[in-house]
Amino acid sequence: MAEATNKVDLRPSIEHFYSFPFVLVTCADEVGKGNIIAIGASAPCSANPPTIGIAVALRRYSHGLIAARGEFGVNIPRAGDLEGADLTGCVSGRDGDKFEATGFTAIAGQAISVPMIAECPVNLECKLVHTAKLGSHDWFIGEVVAARADAAAVTSEGRVDPTRFDGVFSWWGEYCAPGERLGKWGFAAPR
Ligand SMILES: Cc1cc2nc3c(=O)[nH]c(=O)nc-3n(C[C@H](O)[C@H](O)[C@H](O)COP(=O)(O)O)c2cc1C
């Protein structure tokens, strides 16, 4: 597996890493072969410990892999890689290798045995801590046990700056680019 040389540790700031765009979730089968699934439904769930939830339909190949291994990766793709990212949501890992199909580079996780995606500027490694059974989809809640980002996407305070890479939002069946920065949280607080 490839080595990532351009990544910095995000762990000190992960508790403040709110609001997720469109993500690519990585998982692995019983022999460690990686798979990728496009996920539009994801959310931060708690700050301390930092946890992330992803909604995965019961029929997805990835569902069984995540449930069995108890680990998954949350990778935030760039708009520049949207074609490969979209493909991961159109074909199943049951039928072929999506790393090969997309050309995405697998890099080893630091704390989990699931590959992460080198081309994604943000890589969050999660251990499954809770599964909420809600019907068509299970919400897998994972604790973030390692978090890295491309150095170029991170501010001097160690936070991911969404204006430093071309992230993507999925919105009612379409992909959209994030808009302009409108203000800091709390800008309306009484002074
Ligand atoms: C933009 C986009 C967002 C998606 N979001 C979800 C999602 O949140 N949950 C889900 O179960 N499937 C979602 N899908 C569908 C899966 O990514 C798709 O069925 C995929 O092929 C499943 O791969 P697998 O069989 O290898 O697990 C999404 C697909 C796209 C294109």
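Which residues does I52 touch, not counting residues up to four places away in sequence? I52 touches S42, P44, C45, V74, L124, C126, G142 and V144, where contact requires that the C-beta atoms of two residues, placed from the backbone, lie within 7 Å.

## Basis of the report

This is a predicted model, in which local features need pLDDT of at least 70, side-chain atom pairs count only at pLDDT 80 or more, and totals for chains, interfaces and linings use all residues. Residues are numbered from 1 along each chain as its sequence is written.

## Residue I52

I52 is found in strand β5. Strands (E, at least two residues) and helices (H or I, at least four residues) are DSSP runs, numbered from the N terminus.

I52 is buried, because 23 other C-beta atoms lie within 10 Å. A residue is called buried if 20 or more other C-beta atoms lie within 10 Å of its own, exposed if 12 or fewer, and partly exposed in between, with C-beta atoms placed from the backbone. One of the contacts of I52 is S42; the two residues are 10 residues apart in sequence and 7.1 Å apart in space, C-alpha to C-alpha.

Strand β2 pairs with two strands, pairing being assigned if DSSP finds at least two bridges between strands. With β3 (residues 34–39), β2 runs antiparallel and is joined by 6 bridges; V23 stands opposite I39 in this pair. With β6 (residues 71–76), β2 is also antiparallel, joined by 3 bridges, and here T26 stands opposite G73. The hairpin of β2 and β3 has 5 residues between the strands, and G32 in this hairpin takes a positive phi near 90°.

## Backbone features in two loops

Where does P49 lie? P49 lies in the loop between β4 (42–46) and β5 (51–57). The peptide bond that joins N48 and P49 is cis, with omega about 0°.

W172 is found in the loop between β11 (169–171) and β12 (174–176). Although W172 is not a glycine, its phi is positive, at about 50°. Is W172 buried or exposed? W172 is exposed, because 6 other C-beta atoms lie within 10 Å.
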